[in-house]
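Here is a short report on one protein model.

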Amino acid sequence: MIDLVKRTRIAPTPSGFIHLGNLASFVYTHALARVSNSTLMLRIDDLDQERFRASYVNDILDTLQFAGIHCHQEEFTQRERKSLYASALAQLRNENKVYACKCSRTERTANLSHCACLQDHRSLDEPGVQWKLLPAAPPTIEMHDWTRGVLVYPFPEEMSALQVRKKNGDPSYHLASVVDDIHFGVTLIVRGEDLLASTLGQLHLAAVMGWEHFRSIQFVHHPLLLDTNQQKMSKSSGSASIQYMRAHGMSKEHVFAELSRHVGGSPSIATLEELEEELLRIWGS
Ligand SMILES: [Zn+2]
């Protein structure tokens, strides 16, 4: 039976307070869900327990409510799906598709592709090793773009040694994200353009796993909002946080207008619907 239900999701990481750039992504995803008749789900990418704080999760839920964005919220924590991630990792191990790597984060950044650990043949059970995909990446990779159809990209070098398990034994962000999108039958993924290489890496991971459904997912990579220094907004920069704006007396209309101004839209925005129309006009639909 073909599943005709269309689904998209908002999948924030609770690693800081939601800022204007995050809100823009939420609003745009909500708008695309509406125009494509897709169900909008919420998933909190909360596997990283070192950075996790309950106040960040509350801030996500509170900001969505403030903006008037309603999502389906079943199974929204990733901690409920640990067995799914474990079986994906077991499959990669059984099919000899991963190797153990001891490199530090700095070494990994300096050495984008495969490291000397590839020749070391360490045990995957050695404490403190991460698991990375063995070299098998194709020279190019196809992605279904929401507006432009199938696009062919050169495979990004930094994704060829994709990390699937972290040194503490947890699944990596990429592995959990792909498992979740397949588990929930997601058909449209909306994310910032800084994640394009990640998308291509995840398409490769899904191909390695034999998960055909992932290849049919449509992707939208939207522009990022910049702060006053023309840098990508970060969750740690206080004044752009929605919480800060609200604490300083900004109404919903003010916040929406500020967001619209940031993307080059009209500064006179009163409702979520008007803001969505601006984003669809400027970022595409
Ligand atoms: Zn290594």
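**The sheet**

Three strands form an open sheet in the order β3-β4-β7, and their pairing is antiparallel. The edges are held by β3 (98-101) and β7 (163-165); each has a single partner strand, so one side of each lacks a neighbour in the sheet. From one strand to the next, the twist averages 45 degrees. Angles lie between N-to-C directions and run from 0 to 180 degrees, with axes fitted as lines to C-alpha atoms, for helices over the stretch in contact. Strands here are DSSP runs of E with at least two residues, helices are runs of H or I with at least four, and both are numbered from the N terminus. Two strands pair if DSSP finds at least two bridges between them.

The model is predicted: local features need pLDDT of at least 70, side-chain atom pairs count only at pLDDT 80 or more, and totals for chains, interfaces and linings use all residues. Residues are numbered from 1 along each chain as its sequence is written, and side-chain values use heavy atoms, without hydrogens and water.

β3 and β4 run antiparallel and are joined by 4 bridges. A100 stands opposite W131 in β4. On the β7 side, 2 bridges join β4 (residues 130-133) to β7, again antiparallel. There W131 has R165 as its bridge partner.

Both faces of β3 are covered. V98 and A100 are buried on one side, Y99 and C101 on the other. Buried means under 20% relative accessible area, exposed over 50%, and partly exposed in between (1.4 Å probe, protein chains only).

**Helix α6**

How many of the 11 residues of α6 are buried? The count is 8, so this helix (residues 173-183) is largely enclosed by the rest of the structure. The buried residues are H174, L175, A176, S177, V178, V179, D180 and D181. They pack against β1 (7-10), α3 (82-94), β7, β8 (188-192), α7 (196-209) and α8 (213-216). Contact means heavy atoms within 4.5 Å. Just after α6, G185 has a positive phi of about 65 degrees.

A search of the whole structure finds 1 cavity of 30 Å³ or more. The grid has 1 Å spacing over the protein atoms alone; in a cavity a 1.4 Å probe fits but cannot get out, while a pocket is an open set with protein on both sides within 12 Å along at least five of seven lines, and lining residues have an atom within 4 Å of a point. Points are joined across faces, edges and corners, and a volume is the space filled by probe spheres set on them.

| Space | Volume | Lining by class |
|---|---|---|
| Largest cavity | about 50 Å³ | 4 nonpolar, no polar, 4 charged |
| Second largest pocket | about 210 Å³ | 5 nonpolar, 5 polar, 3 charged |

Ala, Val, Leu, Ile, Met, Phe, Trp, Tyr, Cys and Pro count as nonpolar, Asp, Glu, Lys and Arg as charged, and the others, Gly among them, as polar.

The largest cavity is lined by R9, M41, L42, R43, E74, D181, F184 and V186. The second largest pocket has 13 lining residues; closest to its centre are D227, T228, M233, S239 and A240. Helix α10 (residues 252-262) gives the largest share of that lining, 3 residues.

**Two loop residues**

E75 is not a glycine, yet its phi is positive, near 50 degrees. E75 sits in the loop between α2 (54-67) and α3. Its relative accessible area is 34%, so E75 is partly exposed.

H121, also not a glycine, has a positive phi of about 50 degrees. The loop between α5 (117-120) and β4 holds H121. H121 is exposed, at 67% relative accessible area.
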